[in-house]
Amino acid sequence: MRPAVITLVSALHEVDADRVAARLTTPSGAPGRQRGHRMHVTGSAFAAARAIAARTDQLDRVCGPDADHDLVVTLAPGADTRAVGMLLANAARSEHGDDRVLRHAVAVLRADDVAHLLWSDVDDAFVAADRVAALVEYSTVIALDRFAGLTGRRRRALVALLHRMAPHAVIVALDRVRSAADLPASNGGAARLLATGAGWMRALSSGADLGRGTRDDLVTLRYREPLPFHPGRLASVIEDDLAAGVNGRVLRSRGFFRLASRPDHVGSWASFGAMLALDPTANPSWDEDAPIGQAIWFVGERLDVPGIERALDGALLTPDELLAGPDLWRTWADPFPAWPALDHEHGRD
């Protein structure tokens, strides 16, 4: 029995997702084409995936194995599109032996809102910035609306950045999406792209997308060093060297980092515009799969790559500091917000 093919639609505002979903469930005019089916899901990624799987099973029973039917699902703002897609693929693989169940993950964005987050130097919209980054990086189609207020140069820069953040995604103007037929062709394997397709993942794993692009003015940098950062010197680098205009303007950075004063933790580094979030990951430093040292990807306008590298190098531990060991490192002044203590019950020897 052929499973229904699923399209996930996400946006910062539910009204935007609903508008696109309504278009995608409108018949395209092709002979025999039926109207698509819609549903809205909330809750955790697991709960959402379970509800979607139940609906697809129902459609298969009601419509029959040969029916050409689609299911368009709108996700609540802030939902984890990547997790939902991967859970659906895993479930399909277990049940049907084939994980090609997700046609597209569509992210609907208001271009003027995204540009405001990136270029206005707003530094306190962390939730919106994190959601925009997740929508972009875990999508296969990006539908952009409200371009009118942006200059031509700003439009080009925004589209170029989105291409760097989501190399596999197709970017379209929202008014060009009138039905499901206007989406790119798909073999149903979109979940595979969501797993490892984000630009920062590709750059850190393979070194792809380094330097200046041939079609835009953005510059990318992959910073990898095995040594941990000194907390005080890293704070100075963030304030003085990564500020907009000093070594160019960083538009997006993402990766992992290690602070000497927190030797048990692996940190998550994520910036969007002027907002930088340094949070703990779930991996303790002694985990065999934990990243070692620094692995951070930067993309921005007119980045001074040697200048940024020198600044970050200056924040690494010196040989004498490294030999002093973690007991001393923990005593250093650390200006960053505290992280929860790790459970050592199942940790290191």
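**Reading contacts, rings and cores**

Modeller: Let's start with one residue. Outside the four places on either side of it in sequence, A295 is in contact with L204, Y223, R224, R254, G255 and F256. Keep in mind that this is a predicted model.

Colleague: Where is A295 found, and is A295 buried or exposed?

Modeller: A295 is found in strand β12. Its relative accessibility is 6%, and the cut-off for buried is under 20%, so A295 counts as buried.

Colleague: How far apart are A295 and W269, in sequence and in space?

Modeller: They are 26 residues apart in sequence. Their C-alpha atoms are 9.1 Å apart in space.

Colleague: Which strands hold F257 and W269?

Modeller: F257 is in strand β9, and W269 is in strand β10, residues 265-272. The pair links distant parts of the chain, 12 residues apart. Both F257 and W269 are buried.

Colleague: Why is the pair of W269 and F298 called edge-to-face?

Modeller: Angles over 60 degrees count as edge-to-face. The planes of W269 and F298 stand at 75 degrees, with the ring centres 6.1 Å apart, so this pair qualifies. W269 lies in strand β10 and F298 in strand β12, so the pair ties together parts that are 29 residues apart in sequence. W269 has 1% relative accessibility and counts as buried. F298, also at 1%, counts as buried.

Colleague: Which residues form the aromatic cluster?

Modeller: F257, W269, F298 and W339 form one cluster. W339 has a charge over its ring as well: the charged end of R262 sits 4.6 Å from the ring centre. Look at W200 too. R254 lies over the face of W200, at 4.5 Å from the ring centre.

Colleague: What about R249: where is it found, and what does its side chain contact?

Modeller: R249 is found in strand β9, residues 249-257. Its side chain makes a polar contact of 3.1 Å with the side chain of D121. Not counting residues up to four places away, R249 touches L118, W119, D121, A244, G300, E301 and L303. Its relative accessibility is 18%, so it counts as buried.

Colleague: Next, a helix. Which residues of α10 are buried?

Modeller: In α10, residues 305-315, they are G307, I308, A311, L312 and A315. They cover an arc of only 125 degrees around the axis, which puts them on the same side of α10. Their cover includes β8 (218-225), α9 (231-241) and β12 (294-301). At the start of α10, a side-chain oxygen of D304 comes within 3.1 Å of the backbone nitrogen of G307.

Colleague: Last, the cores. How many residues has the largest nonpolar core?

Modeller: The largest has 61 residues. Those with the most contacts inside it are L8, I52, V73, I142 and F272. Take I52: beyond its neighbours within four places in sequence, I52 is in contact with I6, L8, M39, V41, L71, V73, V84 and L88. Another core, of 22 residues, lies apart from the largest one, and among its residues are Y223, F257, L312 and A315.

How values were computed. Residues are numbered from 1 along each chain as its sequence is written. This is a predicted model: local features need pLDDT of at least 70, side-chain atom pairs count only at pLDDT 80 or more; totals for chains, interfaces and linings use all residues. Side-chain values use heavy atoms; hydrogens and water are left out. Buried means under 20% relative accessible area, exposed over 50%, partly exposed in between (1.4 Å probe, protein chains only). Helices (H or I, at least four residues) and strands (E, at least two) are DSSP runs, numbered from the N terminus. The arc is that of the directions from the helix axis to the C-beta atoms. Contact means heavy atoms within 4.5 Å. A polar contact is a pair of N or O atoms within 3.5 Å; within protein, one must be able to donate a hydrogen and the other to accept it, and residues adjacent in sequence count only if both atoms are side-chain atoms. A nonpolar core is a set of buried Ala, Val, Leu, Ile, Met, Phe, Trp, Tyr and Cys residues joined through side-chain atoms within 4.5 Å. Rings of Phe, Tyr and Trp (its six-membered ring) pair if their centres lie within 6.5 Å; planes under 30 degrees apart count as stacked, over 60 as edge-to-face and the rest as tilted. A charge sits over a ring if NZ of Lys or CZ of Arg is within 6 Å of the ring centre and within 35 degrees of the ring normal.
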